[in-house]
Amino acid sequence: MEELLLEKVKEMEPGDERYVHVVDDGTDDREAMEAEAEQRPVQEFSVGLDEGNKKHIGSVIYKSIYTVVLSKKSNVLIPLGPLAILVQKKTDRDGWVFILGLLGIIPLAERLSYTTEQLAFYSGPTVGGLLNATFGNATELIVSIYALRTGRIRVVQLSLLGSLLSNLLFVLGIALFSGGIVRKVQVFDKETAVVNSGLLLMAMMGLVFPATLHSTGTELHFGTSELALSRVSSCVLILAYLVSIFFQLKNLNDMDGSRTVEILDGDEDEEAAPEISKWESLIWLAITAAAISNLSEYLVDAIEGTSLAWGVPITFISVILLPIGGNTAAVTTSVMFAMKDKLDVSLGVAIGSSAQISMFIIPFCVVTGWLFGLPVDLNFQLFETATLFMTVLFAAFIIHEGTSNYLKGVMLLFCYLLVAASYFVHGDPSSC
């Protein structure tokens, strides 16, 4: 038998000896051959692992790009952002720069919201809720910070005002209308909606007082009293908003156990699973935020030129057109959940986002301007403050019953048309 094996080995090629395991009576030879046989597969596996890792990393990168960028049809608008930058550098057509930049920032804002939601899967309900609260209006915050850095205080005020009006009238209105078409009457959590409405009314106090003080001319020290009141009010609003966030997240954490039981009992839909990993979410979050920050510079710089080129007031561009870029994702989300009869989520997107802008982002801009020596205040001018005040009251009245139908959505949408028409004929006395 051994002679037959030796003859077979001699007939084989030199590279094939590693596949033959020869058993010998000699103990030393046998141990040596066993050690060599054990070592070879490890070496071969190591080489294969390196090659496999390269293929695995490549497939992960492709899958991540496909999931975040290629799988969403609206992302075909992303190249319009670089095109807007190119048009700005090669020509002086601010109107084209603005419209291309606005269309290009829409998918970026939606992807920023998407990556935040993906990251929230890995952080638990409490931290996840904080992430959504922090990045929910990241696009508006980035645009405002750039405008503030370049000294365009009025653009900051008008763009944030426009986000509030768009959320409370357009986003909420189209959500109630879409849900009302699917179901005749929808019921939502009245308590949560009332809390957010209360935050909005509290923020309105901070905005009404400086504007009224300025309009009546009853300041003790003209200009400085209004600014001091705005700064103190901003600190109070930020503190109140942080307390409300802590309260809501604490309640969410306490209810997490009962919600898990409901899911196991089949009362809730199956929980969604994350589509990308934690590190992918962080990387894409940084990429989209950087892209929005870069594109917002050209968008804000083109506002004045667009106003002159189109013959449209700056207030209309800043209040009505500019918020479109940041609120597209909110419209999609609110409509989707409203049609699934999950109106609480839609209200959280529309009213919760408005509460965050009025209670945190606007006061944050005032405090930031204070730190950098800029006279940013809460005086949005009398016309703008009156418009916002009536909008908050009307939205609070619409949702105070805890039920909704398509008629309420139609009323909100018609109110938004009235606001848009008023800003189309409104000339801003303040300089941007």
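The largest cavity has a volume of about 110 Å³. A cavity here is a set of points on a 1 Å grid over the protein atoms alone where a 1.4 Å probe fits but cannot get out, and its volume is the space filled by probe spheres set on the points, which are joined across faces, edges and corners. The model is a predicted one, in which local features need pLDDT of at least 70 and side-chain atom pairs count only at pLDDT 80 or more, while totals for chains, interfaces and linings use all residues. Residues are numbered from 1 along each chain as its sequence is written, and side-chain values use heavy atoms, with hydrogens and water left out.

The structure holds two cavities of 30 Å³ or more. Lining residues are those with an atom within 4 Å of a point. The largest cavity has 13 of them, and Thr139, Glu140, Val143, Leu322 and Pro323 lie nearest its centre. Helix 6, helix 7 (153-182) and helix 14 (324-339) each give two or more residues to this lining; helices are DSSP runs (H or I, at least four residues) numbered from the N terminus. Helix 6 gives the most, with four residues. By class, the lining has six nonpolar, six polar and one charged residues, where Ala, Val, Leu, Ile, Met, Phe, Trp, Tyr, Cys and Pro count as nonpolar, Asp, Glu, Lys and Arg as charged, and the others, Gly among them, as polar.

The second largest cavity has a volume of about 50 Å³. Its lining includes Ile153, Val156, Gln157 and Leu160, together with Ile362, Cys365 and Val366. Helix 7 and helix 15 are the elements that give two or more residues to this lining, and helix 7 gives the most, with four. The lining residues divide into nine nonpolar, one polar and one charged.

Helix 15 (residues 343-371) also packs with helix 6 (residues 138-149): their axes come within 11 Å and cross at roughly 25°. Axes are lines fitted to C-alpha atoms over the stretch in contact, and angles run from 0 to 180 degrees between N-to-C directions. Helix 6 and helix 15 are therefore roughly parallel, the term for angles under 35 degrees. Contact (heavy atoms within 4.5 Å) is made by Leu141, Ser144 and Leu148 of helix 6 and by Ile361, Phe364, Cys365, Thr368 and Gly369 of helix 15. These residues divide into five nonpolar, three polar and no charged.

Conventions: Angles under 35 degrees count as roughly parallel, over 145 as roughly antiparallel, 65 to 115 as roughly perpendicular and the rest as oblique. On a 1 Å grid over the protein atoms alone, a cavity is a set of points where a 1.4 Å probe fits but cannot get out, and a pocket is an open set with protein on both sides within 12 Å along at least five of seven lines; lining residues have an atom within 4 Å of a point.
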